[in-house]
Amino acid sequence: MTQAVAAGCGGSVGLCRQLGRPTAPQSRAQRHRLPQQGPRHAHYQQRAAPVLAAAEAEAAPETAVALPAVEHEQQRGGSNNGTQPSTSGRQADAVPTVRGAKVVVRDMVKHFKTPRGLFKAVNGASVAMEPGTITALLGPSGSGKTTLLRLIAGLEQPNSGRVYFDGEDITEYGVQDRDLGFVFQGYALFKHMTVAQNITFGPRMRKMGLDLDAKVDELLTLTELDGLGGRYPPQLSGGQKQRVAVARALACNPRLMLLDEPFGALDPLVRKSLRNGLREIVKRVGVTTIIVTHDQEEAWDLADHVVIFNKGAIEQEGTPEEVSRAPVSPFVMNFVADVCHIPSTCQLVRKVGFHTDKPYVMLRSADIRLRTDFEECTSCAAATVHDKANMGKLVRYYVRFDDDVDVDLTVSRQVDEERYDFDVGQRVFVDVSPEQMMGFDWHEISTGATDV
Ligand SMILES: Nc1ncnc2c1ncn2[C@@H]1O[C@H](COP(=O)(O)OP(=O)(O)OP(=O)(O)O)[C@@H](O)[C@H]1O
């Protein structure tokens, strides 16, 4: 997962050198799974052809997807059939609006058989998502985010637990009967179809009887792709492909849109502009949206509601502000913030008067202040500026206490120039409130797997 730019101690490699432990690993997801084989799978394949074809294209994007005859006809340059870009010149000023579903997941459990026994991928997750909101599922790799998304989609069947849309129990419904739109990592666009054909693939398969020209116009305008309906995916930029995938997901007027790492392969500036665009689209259309992401900045920017996963269970949920301001556990604090890990017996902890029976203490880098006016800071601990790194718009200070414990903090260049501007070797006083500290033990923040 891409971390927020402002780094602190414990960043990607962990700064608490004397503890010799890295911070929690946060690698990027690279995989998606198809539904398990069996009679139920056959049923889904029949009922959910559009989404499964998309899933298969995603799993093997270079492979030609088995298409109905009409698609082959179009690929060979057959009749327009309403799927080529509209030449009518009609302006699509109507935004397709739907009422997003209220989605409730209750006590969801999913076990997978592995060579080592049963594995609890989702272990009693309950969460509610309000209509028209964006929920981000966040958590370390392997914590169960994608599995929960697939359970909500009907691409996996739960061992126990229920899914409700607007109060209706849809746990037994096939994928096709859930009114969903999907955006997969890699987008899973059909390479041999134009943008317009990609967008109308779902409505054609479902024989929705829509005016396809109008639908294409609406969605191209909504996703700012006007004029690109006749292009093929290889002729598009990464950002344009992503917007086609969103347009295709919205083409069947879904009540719920599911996105799995939708910005994965794009550069940070494009990601930022696309997520602003996505939020605007979701809010205009009104579709309830769930996004799986490794990127916290993305989740914080995009989501109304974030859900933090740990080992198949939901550790905390709330608005991004609630979760970042008041993490409920060391795991969440460690996951959502740039933190320092220090021994609970160290000088700083004693000096600020923080008490814990845990062996370590965690504090947010952003909560550390450096001062030189010791008189006004009776609980401050003295330390030495051990190193200072120039990071463009940011400056990082590495500070070492007299008992050899390190913390680090990052400040903007402006703050550095106005307030800090310390030299390496200079004595400073570190000011942290005890309320900003949390005692922990390593097992509380580890992200290991859970066998049944
Ligand atoms: N079909 C499967 N068979 C066996 N184990 C599986 C299967 N699908 C998922 N798992 C396991 O379940 C756990 C949760 O996987 P999941 O993909 O939901 O995690 P995630 O949080 O989305 O991770 P990532 O962010 O890396 O994609 C992982 O340990 C994964 O290996």
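Q: Before helix packing, how are axes and angles defined here?
A: Axes are lines fitted to C-alpha atoms, for helices over the stretch in contact, and angles run from 0 to 180 degrees between N-to-C directions. This is a predicted model: local features need pLDDT of at least 70, side-chain atom pairs count only at pLDDT 80 or more, and totals for chains, interfaces and linings use all residues. Residues are numbered from 1 along each chain as its sequence is written.

Q: At what angle do helix 7 and helix 8 cross?
A: Roughly 20°, and the axes of helix 7 (residues 238-250) and helix 8 (residues 268-285) come within 11 Å. So helix 7 is roughly parallel to helix 8 (angles under 35 degrees count as roughly parallel).

Q: Which residues meet there?
A: From helix 7, Gly 238, Gly 239, Gln 242, Val 246 and Leu 250. From helix 8, Val 270, Leu 274, Leu 278, Ile 281 and Val 285. Contact needs C-beta atoms, placed from the backbone, within 7 Å.

Q: How do the residues of that contact divide?
A: Seven nonpolar, three polar and no charged. Gly counts as polar.

Q: New topic. What is the phi of Asp 166?
A: Positive, about 50°, although Asp 166 is not a glycine. Most residues other than glycine have a negative phi.

Q: Where is Asp 166 found?
A: In the loop between strand 4 (160-165) and strand 5 (168-169). Asp 166 is partly exposed, with 14 other C-beta atoms within 10 Å. Buried takes 20 or more, exposed 12 or fewer, partly exposed in between.

Q: And where is Asn 253?
A: In the loop between helix 7 and strand 7 (256-260). Asn 253 has a positive phi of about 50°.

Notes:
Helix = DSSP H or I, 4+ residues; strand = E, 2+ residues; numbered from the N terminus. Parallel < 35°, antiparallel > 145°, perpendicular 65-115°, else oblique. Contact = placed C-beta atoms within 7 Å.
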